[in-house]
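Have the structure open as you go.

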There are 2 protein chains.
Amino acid sequence: MTGDARPARRGRPGYDLESLLRVAVKLFNERGYDGTSMEDLSRKLGITKSAIYHHVRSKDELLRLAVDRALDGLFEVADEAGAAPGRAIDRLELLVRGSIAVLSDRLPFVTLLLRVRGNTRVERAALARRREFDRIVTDLVKQAAAEGDVRADVDPAVTSRLLFGMVNSLIEWYRPRRGDGAELADAVCKIAFDGLRLPTS
Amino acid sequence: MTGDARPARRGRPGYDLESLLRVAVKLFNERGYDGTSMEDLSRKLGITKSAIYHHVRSKDELLRLAVDRALDGLFEVADEAGAAPGRAIDRLELLVRGSIAVLSDRLPFVTLLLRVRGNTRVERAALARRREFDRIVTDLVKQAAAEGDVRADVDPAVTSRLLFGMVNSLIEWYRPRRGDGAELADAVCKIAFDGLRLPTS
């Protein structure tokens, strides 16, 4: 993902928009978005506030860029899963695996997204996109239940919340190392889809 | 839980230690612990700071009382589950159900606990107790795997994190209504233990 072609506007040496954004997200995650000022950010970067405003109009714009990085990844995955052939339960598994890949690749951005509480317009917009994503998951669970592949004795909205509750909880402890994202996705899918109870043979 | 016999020290009418603590925890959850000052709390309560200091020595003491309310509940449940007869997988299920009951009964306290990041001595002590609880869960998963009841193809520490990741994610959306905690615990146990995939009959 670091290789993405994003236009870097002119700025002080060493800080294009991308590296500025990464430092800002790290700081927001450490101190909370509300608890971080542009002053804090300029001190951390060792550049003036006006050098920051060369790249972005406001702290809010940094937040928007950051949460959209996470959300865009999740919606790409949802589109891919939605377009896949086969049964809904398989599309649901694709969506879970893809979401874990996004979480692993863009961990600081997803972490920030999941802590957003909705105090500003940017935050409320992010929450609205999260709800839209939840609806996609719930619809897949409903389809899979209608196809007889997913248990119907739990409300589909509850199932989708529990499933992504498990996925999202990864931000609390998972620190990606090269290539271990797929192994973790296997673990999540084994437990979420087939349960931790060993099937009696 | 509201009926617990806790000594209420003398204070202004309407605020014993218990009601002070509840307002403080609500504020901490809304604004973040770091983002809430004793000044904010006194304004919210409509009493002076010295009236607050009549009950507690510091903001830190409020945090300690609050997170211990959550942790004490979880450890009581762990003790009960650990002492139960039968197979480890059944004790693990007891622990999950008991933890959801604590979460439901003491939601604001558990919410605050799960957001603690470890910046102060009180927060680090809370994190140490959380790790101790995680060890208890992991040990139960190991025992259940050794007894052949829990899948051995996922690391027990990962299984216990995913299981409680699902449980803890409830704080994000669950708003308890009388008596629905047991129904939610059923949903969590069905999905976590038996999976969301419908068994092919």
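1. Let's begin with the domain interface. About 840 Å² is buried between domain 1 of chain A and domain 2 of chain A, and carbon and sulfur atoms give 62% of that area. Bear in mind that this is a predicted model.

2. The contact takes 10 residues from domain 1 of chain A and 10 residues from domain 2 of chain A.

3. As for the bounds, the domain assignment of chain A puts domain 1 at 17-56 and domain 2 at 64-194. Between the C-alpha centres of domain 1 of chain A and domain 2 of chain A there are 28 Å.

4. Now the helix pair. Helix 1 of chain A (residues 17-31) packs against helix 2 of chain A (residues 38-45) at an angle of about 120 degrees, with the axes 10 Å apart. Angles of 65 to 115 degrees count as roughly perpendicular and those over 145 as roughly antiparallel, so helix 1 of chain A and helix 2 of chain A come out as oblique to each other. Their crossing is right-handed.

5. Which residues make this helix contact? Helix 1 of chain A brings L20(A), V23(A), A24(A), L27(A) and R31(A), while helix 2 of chain A brings D40(A), L41(A), K44(A) and L45(A). By class, the contact of helix 1 of chain A with helix 2 of chain A has six nonpolar and three charged residues, and no polar ones.

Note on methods
Residues are numbered from 1 along each chain as its sequence is written. Chains are lettered from A and ligands numbered from 1 in the order in which they are written. This is a predicted model: local features need pLDDT of at least 70, side-chain atom pairs count only at pLDDT 80 or more; totals for chains, interfaces and linings use all residues. Side-chain values use heavy atoms; hydrogens and water are left out. Axes are lines fitted to C-alpha atoms, for helices over the stretch in contact, and angles run from 0 to 180 degrees between N-to-C directions. Helices (H or I, at least four residues) and strands (E, at least two) are DSSP runs, numbered from the N terminus. Angles under 35 degrees count as roughly parallel, over 145 as roughly antiparallel, 65 to 115 as roughly perpendicular and the rest as oblique. A crossing is left-handed if the near helix is turned anticlockwise from the far one by less than a right angle, and right-handed if clockwise. Contact means heavy atoms within 4.5 Å. Ala, Val, Leu, Ile, Met, Phe, Trp, Tyr, Cys and Pro count as nonpolar, Asp, Glu, Lys and Arg as charged, and the others, Gly among them, as polar. Domain bounds come from an automatic or database domain assignment. Buried area is the accessible area (1.4 Å probe) that two parts lose on being put together, summed over both.
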